[in-house]
Amino acid sequence: MAELHVELVAADRQVWSGEASLVVARTSSGDIGVMPGHQPLLGVLQSGPVTIRTTGESGDGTVVAAVHGGFISFADNKLSLLAEIAELSDEIDVQRAERALERAKSAADAAAERRADVRLRAVTGVH
Amino acid sequence: MGAKLRVYKRRIRSVTATKKITKAMEMIAASRIVKAQRQVAASTPYASELTRAVTAVATGSNTQHALTTEVDKPARAAVLLITSDRGLAGGYSSNAIKAAERLTERLKAEGKEVDTFIVGRKGVSYYAFRERTVADSWTGFTDSPTYADAKAVAGPLIEAVLKDTAEGGVDELHIVFTEFVSMMTQSPVDDRLLPLSLKATAETEETAQGEILPLFDFEPSAEDVLDALLPRYVESRIYNALLQAAASKHAATRRAMKSATDNAEELIKSLSRLANAARQAEITQEISEIVGGASALADATAGSD
């Protein structure tokens, strides 16, 4: 099966890299799915969960990451997800995110609420 | 103990204490360089991917964007100078300041006004002492900068670039920081961030990677992508500069503290030589006093017989 190489990088570190068969991310005009052989693409990402269906050496499975702002770029079967902040679902502290969500709701901070919400959804897998 | 010898002993003790402190500072700085270098390396994938993307949009589309187009007659330029908060790093901060001064002179000679932005307490106090105006300044994070710090610095700069020149905006954005070449070499450099010199970027990209950039499909549109991409590009460049400056600062501190320790060692050596000579002189004097006293006593007893 064809596969594409994925690099998920945050501003200060490389979060994940490996082979995948499908990557679903949320751009500013809607969800986009990228499979091997997609046309070269450069898009603006919105805060949201990114789902990577892994294959090949990385093993079959699904990696979910919470991504806050950034870009998706695909060329030569190489997909780069650039984000200022990116966290894999198993790195996310659920209780902390829940607390942050509560706090953001009471403080009516829409941006913080969205961030916490994205983190929680990345963990629970409810997209 | 004689007065002279006591003074020497006291000085040796104080220099030894200083030496211990500088030695400790040297070792702390050495361990921090490694950490700072790791941070530089960790931020590299993001920076290089971003540069690739910016080059792709800027060369692959005909969009005119405020951040990429060169103005015919640039009237004002912003200079971001990165220094450190603390001293004890040899000529680190003053070298960066000198580089900024040279750049400012050059820009002024080209007929541009210069707005100065400063990171680090050393630079701020240099400009405050000379009563020069500073557009904005930031302190408190130069030892270990985070991406949030870089964002805070980039915000007002991007705002200034986007503003109209007539309303106090700037046409060019320069950055002066100390590049970390190696453990032994750190050199202050000045770099033009904006407008992007696309030709140079594109050429180095192509020769470096031997590939032709593909024709991208932009989502939602080339303008929107550029709008979102360029501020991030500036932030990431500033972040990289801050990290390199931090690594350079630690390397400079290490070197300065190493030579301070060496000097202290030298000083202790020559002081103990002097102390030994003083002690020796004291002993010699005591012996001659005793001998003199004894012979005087012998003379006196011989005379009374």
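Trainee: How many bridges join strand 6 of chain A to strand 7 (residues 78–88) of chain A?
Mentor: Heads-up: this is a predicted model, where local features need pLDDT of at least 70, side-chain atom pairs count only at pLDDT 80 or more, and totals for chains, interfaces and linings use all residues. Residues are numbered from 1 along each chain as its sequence is written, while chains are lettered from A and ligands numbered from 1 in the order in which they are written. Strands (E, at least two residues) and helices (H or I, at least four) are DSSP runs numbered from the N terminus, and two strands pair if DSSP finds at least two bridges between them. These two run antiparallel, and the bridge count is 10.

Trainee: How many of the 15 residues of strand 6 (residues 61–75) of chain A are buried?
Mentor: Buried means 20 or more other C-beta atoms within 10 Å of the residue's own, exposed means 12 or fewer, and partly exposed is in between, with C-beta atoms placed from the backbone. Strand 6 of chain A is mostly covered, and its buried count is 11.

Trainee: Which residue in strand 7 of chain A stands opposite A:A66?
Mentor: On one side, strand 5 (residues 48–54) of chain A pairs with strand 6 of chain A in the antiparallel sense over seven bridges, and A:P49 is partnered with A:A66. In strand 7 of chain A, the residue opposite A:A66 is A:E87.

Trainee: And which residue in strand 6 of chain B stands opposite A:L41?
Mentor: Within chain A, strand 4 joins strand 6 through five bridges, running antiparallel, and A:L41 faces A:F74. Strand 4 (residues 41–45) of chain A also pairs with strand 6 of chain B, in the parallel sense over three bridges. There, A:L41 stands opposite B:D217.

Trainee: Are helix 1 and helix 2 of chain A roughly parallel or antiparallel to each other?
Mentor: The axes, lines fitted to C-alpha atoms over the stretch in contact, with angles from 0 to 180 degrees between N-to-C directions, come within 8 Å and cross at roughly 150°. Angles under 35 degrees count as roughly parallel, over 145 as roughly antiparallel, 65 to 115 as roughly perpendicular and the rest as oblique. Helix 1 and helix 2 of chain A are therefore roughly antiparallel.

Trainee: How far apart in space are A:D117 and A:L42, C-alpha to C-alpha?
Mentor: A:D117 is in helix 2 of chain A and is partly exposed, with 18 other C-beta atoms within 10 Å. In sequence A:D117 and A:L42 are 75 residues apart, and in space 26 Å.
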